[in-house]
Amino acid sequence: MDRSIVCGVDGSPDSQRALGVAAQLVRRLGVKLIVANVVSYVADPVIPAYAYAPMARPPRFEPPMTESRTKAEMEASEGLLEQMVADAGVDGAKLQTMLGIPAERLAELADDEGADLIVVGSRGRGAFKAAFLGSVSNSLIGIARCPVLVVPPGAAENAAAA
């Protein structure tokens, strides 16, 4: 298998920074870049118990996925990937749209591709909020079989200046 880096993106400024860092790494290391977006699949919406705690945010309701909603979101995901890669000026990247739980699907993709590294953005939350709310990056660190680089805000600008 070719050496590669998987970069998970969702269109947020955090994921744009992660893609910038991943693109720099790919250019320096001469490896293949796989840019992935995962469409979250909610088959049966469940509101976690902590959502009812007095200090918690109101629960975010996600309607169940339907075939037409899934198709539309997958098409939107493909467009998002094409736009992000074009905006970042990345040539030759493999684009991957997947359906499922983001952290799990990114880890599976990295395994399938034999990736050397997974790059994702950080929301910049403190440790308490990240532990309470959970995040793709935190989950990915726990399940990925390769190193995970979580790009903090400002990292792409700092790397470009170096």
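Colleague: Which accessibility class does Gln 96 fall into?

Modeller: The relative accessibility of Gln 96 is 22%. Buried means under 20% relative accessible area and exposed over 50%, with partly exposed in between (1.4 Å probe, protein chains only). Gln 96 therefore counts as partly exposed.

Colleague: What pLDDT do local features need here?

Modeller: Residues are numbered from 1 along each chain as its sequence is written, and side-chain values use heavy atoms, with hydrogens and water left out. The model is predicted: totals for chains, interfaces and linings use all residues, side-chain atom pairs count only at pLDDT 80 or more, and local features need pLDDT of at least 70.

Colleague: Where is Gln 96 found, by strand?

Modeller: Helices (H or I, at least four residues) and strands (E, at least two) are DSSP runs, numbered from the N terminus. Leaving aside residues up to four places away in sequence, Gln 96 touches Ile 34, Val 35, Ala 36, Asn 37, Leu 81 and Leu 109, contact meaning heavy atoms within 4.5 Å. The strand that holds Gln 96 is β3.

Colleague: Which strands stand at the edges of the sheet?

Modeller: Five strands form an open sheet with parallel pairing, in the order β3-β2-β1-β4-β5; two strands pair if DSSP finds at least two bridges between them. Two of the strands have a single partner each, so one side of each is left without a neighbour in the sheet. These are β3 (94-100) and β5 (148-151).

Colleague: What is the bridge partner of Cys 7 in β4?

Modeller: Strand β1 (residues 4-8) and strand β4 (residues 117-121) run parallel and are joined by three bridges. In β4, Cys 7 has as its bridge partner Val 119.

Colleague: Which backbone atoms lie 3.1 Å and 3.0 Å from a polar atom of the Ser 15 side chain?

Modeller: Ser 15 sits in helix α1 (residues 13-29) and is buried, with a relative accessible area of 4%. A polar contact is a pair of N or O atoms within 3.5 Å; within protein, one must be able to donate a hydrogen and the other to accept it, and residues adjacent in sequence count only if both atoms are side-chain atoms. At 3.1 Å lies the backbone nitrogen of Gly 11, and at 3.0 Å the backbone oxygen of Ser 12.

Colleague: What share of the residues of the chain counts as buried?

Modeller: The chain comes to six helices and five strands, running β-α-β-α-β-α-β-α-α-β-α from the N terminus on. Of its 162 residues, the share that counts as buried is 38%.
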